[in-house]
Amino acid sequence: MVDREPEPVRRPEPSPDDPSDPGRDGLGRASSEADGLRVFDGPGHDVADPARSRRLGVVTFVLAVVLLALDGVALGLLAADAVSPAAVLALVTLLASVVVGVIGLMAAVLRRGRWWGVAAVVLSSLSNPFVLVWLIGRFVSTV
């Protein structure tokens, strides 16, 4: 017995008029030609996402810094015995810190300024008056 390599199967040459040609459709056009259907003609789903704007993360970070400054103003007013305005500012920063924290989290998840959004979440949690008063009481020594 002699070992020989197998010979490839020879296929007959299709004629250009043959509709059973696998490379052509029934109208004689090459199957790779676009037929106006845009569903499958474009790039695939594995193409990288286009560059996203970081604006949402940056805006939430700036808002978190503003809330932290407002919280400092509220503490200053409280030290000056202006309790009513200090309470109003504390309430505003309490509610706004929750909103800014959620929006910063959304910016981080949606990749719209991810690290700015994470920093905004951290700063907005620090600008919550309850957290800030707890931190001041915990780390500032009483004399």
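Author: A contact here means heavy atoms within 4.5 Å. In this protein, residues 24 or more positions apart account for 62% of the contacts with a separation of 6 or more. The model is a predicted one, in which local features need pLDDT of at least 70 and side-chain atom pairs count only at pLDDT 80 or more, while totals for chains, interfaces and linings use all residues. Residues are numbered from 1 along each chain as its sequence is written, and side-chain values use heavy atoms, with hydrogens and water left out.

Reader: What makes F61 and W116 an edge-to-face pair?

Author: Rings of Phe, Tyr and Trp (its six-membered ring) pair if their centres lie within 6.5 Å, and planes under 30 degrees apart count as stacked, over 60 as edge-to-face and the rest as tilted. By this rule there is one aromatic pair. The ring centres of F61 and W116 are 5.1 Å apart and their planes stand at 65 degrees, so the pair is edge-to-face. It joins distant parts of the chain, with F61 in helix α1 (residues 55–79) and W116 in helix α3 (residues 114–126), 55 residues apart.

Reader: Why is F61 called partly exposed?

Author: Buried means under 20% relative accessible area, exposed over 50%, and partly exposed in between (1.4 Å probe, protein chains only). F61 has a relative accessible area of 22%, and is therefore partly exposed. W116, at 34%, likewise counts as partly exposed. Of the 143 residues of the protein, 17% count as buried.

Methods:
Helix = DSSP H or I, 4+ residues; strand = E, 2+ residues; numbered from the N terminus.
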